[in-house]
Amino acid sequence: MSVTVKKIGILTGGGDCPGLNAVIRGVTKSAISKHGWEVAGIADGFEGLVDPENRVRPLTLWNIRGILHEGGTILGTTNRGNPFNYKTIVKGKEKEIDVSKVAIKNVQELGLDCVVIIGGDGTLSIALEFYKRGINVIGIPKTIDNDIQATDYTFGFQTAVVTATEALDKLHSTAESHHRVMVIEVMGRYAGWIAAESGVAGGADVILIPEIPYDIKKVVAKIKKRSSGGSKFSLVVVAEGAMPLEGDITVLEGSSTGFGIERLGGVGHKVAHQITEQTGMESRVTILGHVQRGGTPCPFDRILSTKFGTAASDLIAKQRFGEMVCLHNNKISSIPITDAVNSLKLVKPDGDLVRTAEAVGISFGR
Ligand code: F6P
């Protein structure tokens, strides 16, 4: 059914990443200046739709000024607060209840003709559920992990790669000075994109990613070979989701969020320990952590975010609800959200990136 759009909402869900503010700016500027709509900012992801009195405010050309280069999201975000499985306390006990009908009623009462939902796989899956229940939505993919199948790149990823590469550059000199093995653990969840790209850009000697289970003997052999060849130091990039040939992914101890999301972390220490044990070389571990999610977006991410934001407004104008903007063969395009979720984009073990890395002598422990 065709709608006359007058007012739209924007929310950011899931983990933050550099470029979210640039997207909010892109949607808001084009919605107001190009299409003549009002814009409402919904704070703290879907929480804002459950509690609109305290969490919804107008976005104007005035109050979105100066945010293009800012990290984080002016709207706030959360990776909890799924209205279909909403955690709450009932009679002193934690319970999950479905408050989606409340959220839907609030969208209608706020007069939102469409909600632009900016998020990763989890957030976009929730967006899809709202769409199936009659709410007009447009999705915008974000994550530093770059693991959304339907788009060549998500914004935030390139900035994370820059951060990890800069860290590698810094570790390089101290590794060389002290003749140490420096292990750096980077984010990416079940995908090795950040590790693989920063590893190639930062001249790593070993890159371990979830897509290629590693054999520690091969890692050790590579480091020993370098050492006997005169390079008494090595740089090892380990994706947090990396796993040994015979073993499992490393989940951060005692880290259950209670929201069904496992938190990864710790594999860097395991790898470093085994390297020291089997080579006799001193090793140190750097866990880069949330530094990768913060800070100012790099130019690529600012441009992609602006393109995604303005393209989302254009999709609304064309009434293409239920779709998600994406980058396909370097062109801005869109696909139904239903085709975009639940399918991770992983590093291909025999793709260009890995083959290039191996051609310059980087070991993936295989
Ligand atoms: O999905 C983005 C991401 O940064 C992952 O790379 C990482 O595993 C996870 O989020 C960390 O989540 P949290 O901020 O909840 O610790």
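Modeller: Two strands pair where DSSP finds at least two bridges between them, and helices (H or I, at least four residues) and strands (E, at least two) are DSSP runs numbered from the N terminus. This is a predicted model, in which local features need pLDDT of at least 70 and side-chain atom pairs count only at pLDDT 80 or more, while totals for chains, interfaces and linings use all residues. Residues are numbered from 1 along each chain as its sequence is written, and side-chain values use heavy atoms, with hydrogens and water left out.

Biologist: Which residue of strand 12 does Gly 139 stand opposite?

Modeller: Strand 7 is also joined to strand 12 (residues 323-328), by two bridges and in parallel. In strand 12, Gly 139 faces Met 324.

Biologist: Which helix makes a β-α-β unit with strand 6 and strand 7?

Modeller: The unit is right-handed; that is, with the strands pointing away from the viewer, the path from the first strand over the helix to the second runs clockwise. Between strand 6 and strand 7 in this unit comes helix 5 (residues 121-132).

Biologist: Let's zoom out. What area is buried between domain 1 and domain 2?

Modeller: The chain is divided into domain 1 (7-155 + 297-328) and domain 2 (159-293 + 348-359), with bounds that come from an automatic or database domain assignment. Contact means heavy atoms within 4.5 Å, and here the contact takes 15 residues from domain 1 and 15 residues from domain 2. Buried area is the accessible area (1.4 Å probe) that two parts lose on being put together, summed over both. Carbon and sulfur atoms give 58% of the total, which is about 1,300 Å².

Biologist: Which residue meets Asp 16 in a salt bridge?

Modeller: A salt bridge is a side-chain nitrogen of Lys or Arg within 4 Å of a carboxyl oxygen of Asp or Glu. Between domain 1 and domain 2 the count is one. At 2.8 Å, N to O, the side chain of Asp 16 meets that of Arg 293.

Biologist: Is Leu 288 buried or exposed?

Modeller: Leu 288 is found in the loop between strand 11 (283-287) and helix 10 (299-317). Beyond its neighbours within four places in sequence, Leu 288 is in contact with residues including Thr 163, Ala 167 and Ile 184. With a relative accessible area of 12%, Leu 288 is buried.

Biologist: What is the relative accessible area of Asp 152?

Modeller: Asp 152 belongs to the loop between strand 7 and helix 6 (157-178). Leaving aside neighbours within four places in sequence, its contacts include Asn 146, His 328 and Lys 345. Asp 152 is partly exposed, at 31%.

Biologist: One more: where is phi positive after helix 7?

Modeller: Helix 7 (residues 193-201) is mostly covered, with seven of its nine residues buried, Trp 193 and Glu 197 among them. What covers them includes helix 6, strand 8 (181-186) and helix 12 (352-359). The residue that follows the helix has a positive phi, near 65°, and is Gly 203.

Notes: Buried < 20%, exposed > 50% of the residue type's maximum accessible area, 1.4 Å probe, protein only.
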